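User: I have this one open on my screen and would like to talk it through. Could you take me around it, beginning with a spot inside the fold?
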Amino acid sequence: MIRAAIRSVAAIALLVAVFGCTTGFEGDRGNIPLSQAATTKLARMGSSPGAPMLMRIYKRESQLEVWKKTTAGSYKLFDIYEICAWSGELGPKISEGDRQTPEGFYTITLGLLNPRSQYHLAINLGFPNQFDRSLGRDGSNIMVHGDCSSRGCYAMTNEQIEEIYALARETFAGGNRSFQAQVFPFRMTAENFAEFEDDPNLSFWNNLKLGYDITEVTGEPPGWDVCGPKYAFNTESGCGPSTMSDGSRLRLASLQQADASALTAAIAVRAEAERLAAEAEALRIADAAAAEQRRLELEAAAAERREAVTSFTGQIGAFFSGFLGGGSGSPPVDDPTAPVPPPRPARYS
C-alpha cells in the first residue's frame, strides 16, 4: 500500500516536471477554462459566461470586440482584442484563393468551433454565407484563429484566441444555438466614410452600416436576410416589412440623420484639409524653385567674380613683369633715331 502510494507520488512528480511550464490542456485546448478574471469581469457587467455573445471585427483598426448580453437585456462590450494579422485589403472577399478576409454578417454555430486547429484554436466565420452565395462569392475555412499568422483569416495571439474561444464555448454551453459575428471594413464613423467616399465598395459598406446602426439603437444584433444584392435587417422574409418597433425605427432615423449631418461636415473638413495641403505643397514647390533659381544666380555671380579676379590678376602680373624688365625675354634693340650724347671732356676721360 505504501509502495503504491510512493509510486503515485513519483508519477505525479514526473508529470509536474515534464508539464510544469504548460497549461495541462495541450491535448485538449478547446476546454481550457475561462479565467477567473474574465468570469469576475462578466459578473461585474451584469453578464455571465453562458450569456449570449456578439463578436465585432474592424479590419482597418485591426480590432476584435466581444460583447455579452446582460441581465438588463442589452449587450455590453466585454473586451477589445488587437488582431495580429489579416490578409488582403478593405472590401469583401470574392473568391477562393484571393487571400482576402471577408466582411459582412455571419452566424457562428457550435460546429464552427475547431479545438484541434493547426493554428492553436479556431472559430470558422461560415463564409460564404447566404448573402455571399447570392452574389456568386466562394471560399472556405475563413477563421478567427491563433498563431498570429494570416492567409485569408483574422489571426490572434494564442493567449487571445484561448479566451475568445472559451467565451464562445461557454456561450454554447449556456444553451445558445449561435452568436453573430459582424465584420466591418473600419469603425462606422463619419470621418472614415468621408475618407472613402469614392471607394467602389461604398454602397456595400453603407448596407453594413445599417446593420451596425440597428445594433446600436436596439442594443442587440439584428436578424438578417437577403433582399436583392443587399443584406436585409429585421425584416419579414428578406424584402418584407420591418419587424422593428416604432420606437426603434424613430431612434434609427434620428441616428442616421445625425450621421448624415456628421458625414457632410466630415467631407467638408476633409476637402478643406486637402485644399490647404495642396496649397502648402504648391507653396513648397514654388519656394523650392525660387531657392534653386537663387542658387543658380549665386553660382553665376561667383563664376563672374572668379573670372574677373583671374583677369585682373593676369593684368597685374603682366604689368610687374614688364616693369621689372621681365618683358618678353628678348634682348634690347638700339633705336637709330635716339639722340647721341655729347663726348665727355678730356679731364673726365
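User: Which residues does Asp132 touch, leaving out those up to four places away in sequence?
Analyst: In this predicted model, Asp132 touches Tyr106, Phe127 and Arg137 once residues up to four places away in sequence are left out. Asp132 itself has its place in helix 3, which covers residues 130-134.

User: Is Asp132 buried or exposed?
Analyst: Asp132 counts as buried, because its relative accessibility is 1% and the cut-off for buried is under 20%.

User: And Arg137, where does that lie?
Analyst: Arg137 lies in the loop between helix 3 and strand 8, the latter being residues 143-145. Arg137 is also buried, with a relative accessible area of 13%. Beyond four places in sequence, Arg137 touches Pro92, Lys93, Ile94, Phe127, Pro128, Phe131, Asp132 and Phe204, and Phe127 is also among the residues that Asp132 touches.

User: Switching to aromatics, how many aromatic pairs are there?
Analyst: The structure holds 15 aromatic pairs. In one of them, the rings of Tyr58 and Phe184 have centres 5.8 Å apart and planes at 25 degrees, so this pair is stacked, given that planes under 30 degrees apart count as stacked. The pair links distant parts of the chain, since Tyr58 is in strand 1 (residues 53-58) and Phe184 is in strand 10 (residues 178-184), 126 residues apart. Both Tyr58 and Phe184 are buried.

User: Which residues form the aromatic cluster?
Analyst: One aromatic cluster is formed by Tyr58, Phe105, Phe131, Phe184, Phe204, Tyr212, Trp224, Tyr231 and Phe233. Two of these, Phe131 and Phe204, are also touched by Arg137.

User: Which charged ends sit over the rings of Tyr58 and Trp67?
Analyst: Over the ring of Tyr58 sits the charged end of Arg187, 4.0 Å from the ring centre, while the ring of Trp67 has the charged end of Arg56 over it, 5.3 Å from its centre.

User: OK, nonpolar core next. Which residues touch the most other members of the largest one?
Analyst: The largest nonpolar core has 33 residues, and Met55, Leu64, Val144 and Ile164 touch the most other members. Among the elements that give two or more residues to this core are helix 2 (36-44), strand 1, strand 2 (63-69) and helix 4 (158-173). Helix 4 gives the most, with 7 residues. A second, separate core of 21 residues includes Phe105, Val217, Tyr231 and Met244.

User: What does Met55 touch?
Analyst: Not counting residues up to four places away in sequence, Met55 touches Leu64, Glu65, Ile123, Val144, Ile164, Phe179, Gln180, Ala181 and Gln182.

Key: Residues are numbered from 1 along each chain as its sequence is written. This is a predicted model: local features need pLDDT of at least 70, side-chain atom pairs count only at pLDDT 80 or more; totals for chains, interfaces and linings use all residues. Side-chain values use heavy atoms; hydrogens and water are left out. Rings of Phe, Tyr and Trp (its six-membered ring) pair if their centres lie within 6.5 Å; planes under 30 degrees apart count as stacked, over 60 as edge-to-face and the rest as tilted. Helices (H or I, at least four residues) and strands (E, at least two) are DSSP runs, numbered from the N terminus. Buried means under 20% relative accessible area, exposed over 50%, partly exposed in between (1.4 Å probe, protein chains only). A charge sits over a ring if NZ of Lys or CZ of Arg is within 6 Å of the ring centre and within 35 degrees of the ring normal. A nonpolar core is a set of buried Ala, Val, Leu, Ile, Met, Phe, Trp, Tyr and Cys residues joined through side-chain atoms within 4.5 Å. Contact means heavy atoms within 4.5 Å.
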